[in-house]
Each structure stands twice: as C-alpha cells, then as structure tokens.
Amino acid sequence: MVAKAEGRGARRRSTVASFTSAYYTQFPVPDILIMILAMVDKPTQAIAARVCRRWNEVALSHLWRLMDSVFPLLKLLAPLEYFCQFQYHKDDLLKRLGAVDWNRFHHYAVHVRSLTHVETKQTPRLDAEAAAAMLFRHPFGSSLLPNLQEVYWTFSHEESTMFALAFMGPELDVLELGLGVSRTAAVDLLKCLAYRTPNLKDLGIGTYLRALHLSDVISSLISSLSNLERLHLPVYYQTEQIVRAIASRPKLKHLMIDWAYRCTYDESSMEPYFSPSFSPNLFTFNITTHVDACIDHFKSKDHCNEIDSLLLHCPTVSLASDVRKILAHVVASCDQLAQLTLMLYPQSGMGIDYLSFEDLEPLFACRGLELLEIAGPSFIPPTASQIQQMGKSWPALDILKLCQSPGPKVRLPIGMPVTMLPVFAKSFPEITYLALYLNEDRVQFDGEMFPEHQFPKLRALDLGLGPIPGGGHQNQEVGHYIASLCTELPALNLGCDTAWPGTIPENILRREPEWLQVEDAMELAMRTKAAVRKKLERMKAEFSRS
C-alpha cells in the first residue's frame, strides 16, 4: 500500500511538473509579470519582489528603474551620515565598505536606469571623499550604476558636485544639471564630465552664472561629445566659443534654451555668431539674437530647411517692421516649419511695445504651422475677421498663444473680450491649447449650453495674467459661458510664462481666488452639460426605436 501511494505521489508530481513546464513554455512569466507589475503601485511591487527569485528580478526592475534620490542607494552601504560627515566617520565608513555585501548592492544597482536628485538648502551635504572611498572599494568597475542611462541632478551644495561624478559613467545617454553653485565648483564638475561621460546624446545645463565665466569649459565639453544630439543651454549662452563648438557637432539636431534659469541680460553673449556658415542642419533651433544677425542667418536656406521648431528671442527689436522682415526670411528659408515662438520682451530700455495682426501676415504662407506662440510684450486684440483669416491660413494649428502674459511696462490698453472665444472656436477646429489675455468687459450669457460654435478638441485654456471678465462680479456667469463653448472641461491655466520679466504684482496675484470661482462654475456647468447630452442621446435612441 505504501509503495502504491508513493507511486501515485510520484506520478502526481510528474504531472504537475509537466503542466508547469508546458505553462511556462506557452506563457513566459517574465513577460506577463513585466506588464502586470508596470500597472501596480510600489508597495505591491515590493511584495512581489519577495515571492521568489524570478519575481524578484522583474519586480526590482520596476522598483529601482527610476530613482528620485541617491540616498536609498547609499543606505545599502552605510548610514547616510557616514557620507555626509566623512571627516567624523572616515574610519567607520572605510570599515563598512570593506565588509559590505557588494553583491547585494550590485543586485539592486543594475536595475537603475534613471537617477534624479534635487538638492535644497535642507538636503544633507554629500562629501566628495566619501564618493572616492566608494569607488575605491567597489569591485564591479568604475561605474556604481552600470546600466544608468539618465541623470537629472540639481546642485545646491558645492561639495556634492564631485560626489555626483561617482554615479556618472560612459554608459550615460542623458545628463541634465542645475548648477546652483559657485563658479569654481561648476567649472570643476564640467571639466570632469568630458572624461566621465563621453557618450552623451542629450546634455542640459542650467545656471545663473554668466556665460563669461563658463564659456571655455562648456565649449570644451560640447566639443568632446561626438554623439551629442540634443543640447539645452541657459539664455544668453551663445558666445563665439560655444557656437563654434555647437557647429562642430555633426549629429546635433536640437538646440534649445533652458528658461528655468534666467540669467541677467548679457549683450556679449548674443553676438551674431550664427552666421550663414553655421553648419548643423537642426530640427529644433532656439536662438537669442539681434535683428540684423537673425535676418542674416535666415538668408541662407541651406542650413535652415530642416528646422521644424524655431524659437526666436529678440529682446532688442524696436520696430514692428523688423519683426515682419524676420518672419519673411524665416518663412522663405524654413520649409518644414511647424512650431514658432517669438519672445520679444524688451530689455534695458530697448524693445518693441506691441505686435499686431499685420505683423504676422508673413506667416500666412506657412500653411503647416501647428504651434504659434507670441510671448511679449503685448498683442493688439485682433478683430473677428482677422481671427478667421488666421484660421484659414493655419488650418492645422494645434496650439495658439497670443501674449497671455503682457510685459510689465506695456502702456497701451490691451486684452480682448471673452465673447471672442466663439470666433476662435469656429476658426481653429483643431486647437487643443489656447492662450489669450482677456479684458474686463462683461459677458451676457443667455443660458445656451450648446451654441453653434464650440471647441471640439480644447484641453487647456491659458488666461495668463489677465483680469476676470466682469471685474469679478459675475464669476459664475463667466464660468458657465466658457463651459458652454467646450465639448470637454479644459484645464484653466493662470500665471506668467517662463520668460516673463520681473515679479508679478500683488493686484494680479489677488485674482487667483476669483479665477478659482470661475473654474468651479465651469466644472459644474460641464457636469450639467454632460448629463443633458446623455439624456438627449437616450431620447434620440428611444425615438428611433419607436
């Protein structure tokens, strides 16, 4: 009997094993787990990591793929204070690093693909000597994170700049740095990057330091990156040295300005170095320049015909006729242009006061335009017929921004009535993002929630620094009116754009609570509108059946 029972048990185990083998052959568990664990939260992923070895690998690839701080990695090796106060814990840290289970650290480190670390004044200061001790003891080569592809590090402490190098290596593709440190610390870090990260494809540098202080080291770094495809630099960082380095990069396709760090106006760092001999064929081109230099650059079609996205920052433009000249050359040279941003906020007493519909007429020939942004100083409100003309000229326009944040020194009365929104809805059926500066004219809402002209695709309405129509006395009516023009509830965005000069006045900041009342009224009206639409559809279905 015992022998028979053992035989039946053996056959049962064999059957289960055969079924399991067949199941894994038909349904590869790692592929299924990757899809499932990608859709659950981190606590669930942590539980899955403790199921078995196979599940552990898959779960860790999700848990550790995107790190929002370097501290969890350090805590695998020693208490955090050992890395922040190295001079007091030197012996303890060296002892821990000598006895630590580096295989365990490596087991987690290989899963990290992206590392973000944002320092503030309260963030513990990391000691560069502690990083050197880590690299000396690390048995798996010079890269602590061998599969790391992206690093986003914002520095507030000078000591951390050298510490961060321990987590950067030749495998890195994307590097974005926020350098809120001294000139000396920034220079030392940028010098080392040329040796630590030679294969970068995407480099972003943000700093408040003047280009004069970093031009040499940044140009050297750019020149060392033969695979560079995307480059973000602060505004006023187009010195002769940097531009020459940019022109020497054969694979560079995207040159952009980082507006998160707004350096002070610097005439010497926007000279006309982007001449017709500038060689790269860029897809994205952001440039800070003077009028004559800008016109000179776009006279040649040879190096402009691939530009898809263009940002022109011209703070010294003083005549509207200059803007028309620039746009005429841009349209003639950039056959593929789909996105255009004009930033004309004046600097140092120079600059234009406003733009008008007539100044945009050269752009009417650019039929493929999908994004148009006019940022500063102000825009004279167009008439209904002018809005319709713009709609006919740009049938594919998806994003339109018309000076929703006028310059702080604008002298002319500006702003358009909210009752012009139906004209925009009729003229731009493809628009998803609309930014305007409204005036305080009252709105007469007749209660019609399904007017003839509505925005079929609008997802965001940006009203910048504008006042509330009706002066804040009919907020609910304004909200209901805006909602009646939309098929879905759009996000209501307020505030200035990233390049807006100066600080926002108190009287403008006080508008926010009233705009929130408008937003609440929009949400209620859209719920009512959706309920009415659903009821009408149900009645229509019942009528068709009868």
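**Close-up views of a predicted protein chain**

In the protein chain of this predicted model, take the contacts between residues at least 6 apart in sequence: 80% of them join residues at least 24 apart.

**View 1. The whole chain.** The protein chain has 546 residues, and 49% of them count as buried. Its secondary structure comprises 20 helices and 15 strands. The accessible surface comes to about 26200 Å². Carbon and sulfur atoms account for 53% of that surface.

**View 2. H232 in its strand.** Strand β6 spans residues 230–234, and H232 lies in it. The relative accessible area of H232 is 17%. The cut-off for buried is under 20%, so H232 counts as buried.

**View 3. The contacts of H232.** Neighbours within four places in sequence are set aside here.

**View 4. The buried side of helix α13.** Helix α13 covers residues 240–247. Its buried residues are I242, V243, A245 and I246. These residues sit on the same side of α13, because they cover an arc of only 160° around the axis.

**View 5. What covers α13.** Several elements cover the buried residues of α13. Among them is helix α12, residues 211–224. Strand β7, residues 254–258, is another. Strand β6 also belongs to this cover, and β6 is the strand that holds H232.

Notes:
Residues are numbered from 1 along each chain as its sequence is written. This is a predicted model: local features need pLDDT of at least 70, side-chain atom pairs count only at pLDDT 80 or more; totals for chains, interfaces and linings use all residues. Side-chain values use heavy atoms; hydrogens and water are left out. Helices (H or I, at least four residues) and strands (E, at least two) are DSSP runs, numbered from the N terminus. Buried means under 20% relative accessible area, exposed over 50%, partly exposed in between (1.4 Å probe, protein chains only). Contact means heavy atoms within 4.5 Å. Accessible areas come from the Shrake-Rupley method with a 1.4 Å probe; for residues, only the protein chains shown count as cover. The arc is that of the directions from the helix axis to the C-beta atoms.
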